[in-house]
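Colleague: I would like to go through the cavities and the core of this model with you. Please show it first, and then I will ask.

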Amino acid sequence: MGNLTQQQISELANHLENAELGAYEVTKITNDFPDMTYDDAFDIQWEIRRRKEQRGHKIVGMKMGLTSWAKMSQMGVEHPCYGFLADYFAIPEGGEIQHDQLIHPKIEAELAFVTKAPLKGPGVHIGDVLRATDFVMPAVEVIDSRYQDFKFDLKSVIADNSSSSRFVTGGRMADPAELDLKTLGVVMEVNGEVVEVGAGAAVLGHPAASVAMLANMLGERGEELPAGSFIMIGAITAAVHVNKGDAFCVHYQGLGSISGKFV
């Protein structure tokens with residue numbers, strides 16, 4: 001259950017979304033609202049989502065965050081979280097990302113699942129996800145916490161749409177049955193230098209486990225993943241800080257590559 005009033009949820013949604021749109025840092029909201037619950041945090045995120053839709057934006061996908069055991073310990077949190085992807089977050093493959101619209105962006109190599117059947121928790125497992133998957137494809141997420149120095153706790157980051165800001169997708173799509181998703185390797189380069197390598201198993205042991213967890217978390221709110229959903233599974237590699245002028249390229253084993261540039 002929540003401890004915040006509807007007015008507080010509305011005010012915090014306004015506060016965090018304005019920080020995103022204006023690209024400025026704020027202090028983590030649990031400093032001021034130490035009694036807020038996970039339900040409150042998700043209520044704030046869903047209110048930000050509602051505001052974007054009300055202004056005519058489309059929600060084009062979902063993302064899981066903090067899905068690697070390494071990332072959870074790096075950020076000091078105990079459970080993955082999810083966020084939504086709005087239409088203006090999408091950057092074309094090879095495209096330019098406006099660094100000035102962001103605060104302190106980092107990039108993560110991920111995979112995206114696109115579904116052909118709905119998934120509704122509770123009780124969704126990896127087998128359900130693989131059966132409902134139309135194809136998987138490479139994706140790069142640009143995360144950008146609105147919190148000062150990228151420091152937060154789990155409730156604060158959930159409210160902040162799990163640091164969602166931009167994403168790039170492309171490369172080659174593939175049937176998950178053709179891939180060994182656990183061993184699928186990725187290599188991330190920034191300005192031609194290899195900065196990170198990883199494999200699919202970094203994401204909760206199996207990339208499809210991330211989608212299952214998302215469906216089950218959404219099920220707790222009576223929501224589902226409809227057929228045709230685009231879901232980014234969380235980072236296969238550690239997040240890499242990027243500066244204006246940096247170009248990146250991520251190579252995916254058997255699935256081509258994705259590139260972009262911060263301008």
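Colleague: Which residues line the second largest cavity?

Modeller: This is a predicted model, in which local features need pLDDT of at least 70, side-chain atom pairs count only at pLDDT 80 or more, and totals for chains, interfaces and linings use all residues. Residues are numbered from 1 along each chain as its sequence is written, and side-chain values use heavy atoms, with hydrogens and water left out. On a 1 Å grid over the protein atoms alone, a cavity is a set of points where a 1.4 Å probe fits but cannot get out, and lining residues have an atom within 4 Å of a point. By that rule the second largest cavity is lined by Leu16, Glu17, Glu20, Ile48, Lys52, Phe84, Arg146, Asp160 and Asn161.

Colleague: Which element gives the most to that lining of the second largest cavity?

Modeller: Helices (H or I, at least four residues) and strands (E, at least two) are DSSP runs, numbered from the N terminus. Helix H1 (6-22) and helix H2 (38-54) are the elements that give two or more residues to the lining of the second largest cavity. The most, three residues, comes from H1.

Colleague: What is the volume of the largest cavity?

Modeller: The search of the whole structure finds two cavities of 30 Å³ or more. A volume is the space filled by probe spheres set on the grid points, which are joined across faces, edges and corners. The second largest cavity has about 50 Å³. For the largest cavity the value is about 130 Å³.

Colleague: How many residues of the lining of the largest cavity are charged?

Modeller: The lining has 18 residues, and Gly65, Leu66, Lys71, Glu108 and Ile143 lie nearest the centre of the cavity. Asp, Glu, Lys and Arg count as charged, Ala, Val, Leu, Ile, Met, Phe, Trp, Tyr, Cys and Pro as nonpolar, and the others, Gly among them, as polar. The lining divides into nine nonpolar, four polar and, as charged residues, five.

Notes: 1 Å grid on protein atoms, 1.4 Å probe; cavity = no way out; pocket = protein on both sides within 12 Å on 5 of 7 lines; lining within 4 Å.
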